[in-house]
Amino acid sequence: MRYHYEKPAIYLSKYGDTYTCNHPVYSRCTLYSIGNKGLAVIQQRFDPETKHTWWSEIDPWITDDLYLHPKFKKFFDERAGENNGGLYPTVTIRQIMWALKMKPITRERWETCFDRRNI
């Protein structure tokens, strides 16, 4: 049995759009939108040469699995919101996977997390 979520050999990325904004934490995210509400999802990245981390859009191989998950709509309805000055409510990939009871992606030593619900 796999403990971590693994990248599939073949995948499509039909749901979720890459969204560019002026957020204090990130400049690009994956935006899921239904009607006039949206939910931004971010994932942390790392550059081994400079030891620099940043937040950006999530991996394209996981976007559809999140959106098509049976519990996604309920989570979206609870956390999504309308555009507020170009910004939408934001969650990390780990927060949404935890809430949907999905197996997590492998955690790296350099990863950080947010202590608060709202980002």
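Reply: We begin with strands: helices (H or I, at least four residues) and strands (E, at least two) are DSSP runs, numbered from the N terminus. Two strands pair if DSSP finds at least two bridges between them. The model is predicted: local features need pLDDT of at least 70, side-chain atom pairs count only at pLDDT 80 or more, and totals for chains, interfaces and linings use all residues. Residues are numbered from 1 along each chain as its sequence is written, and side-chain values use heavy atoms, with hydrogens and water left out.

Me: In which sense do β3 and β4 pair?

Reply: They pair in the antiparallel sense, over 5 bridges. Arg45 stands opposite Trp54 in β4. The hairpin of these strands has 4 residues between them, and Lys51 takes a positive phi near 60° there.

Me: How many salt bridges does a search of the whole structure find?

Reply: A salt bridge is a side-chain nitrogen of Lys or Arg within 4 Å of a carboxyl oxygen of Asp or Glu. The search finds 5. One of them joins Arg45 to Asp59, with the closest N and O atoms 2.8 Å apart. Arg45 lies in strand β3 (residues 37–47) and Asp59 in the loop between β4 and α1, so the pair ties together parts that are 14 residues apart in sequence. Another joins Glu57 and Arg28, at 3.0 Å from N to O. Here Glu57 lies in the loop between β4 (52–56) and α1 (63–67), and Arg28 in strand β2 (residues 28–34), so this pair ties together parts that are 29 residues apart in sequence.

Me: Is Glu57 buried or exposed?

Reply: Buried means under 20% relative accessible area, exposed over 50%, and partly exposed in between (1.4 Å probe, protein chains only). Glu57, at 18%, counts as buried, whereas Arg28, at 37%, counts as partly exposed. Asp59 is buried, at 16%.

Me: Where do Glu78 and Lys74 lie?

Reply: Both are in helix α2 (residues 72–79), 4 residues apart, and are separated by about one helical turn. Glu78 forms a salt bridge with Lys74, the closest N and O atoms being 3.8 Å apart. Lys74 is exposed, with a relative accessible area of 59%.
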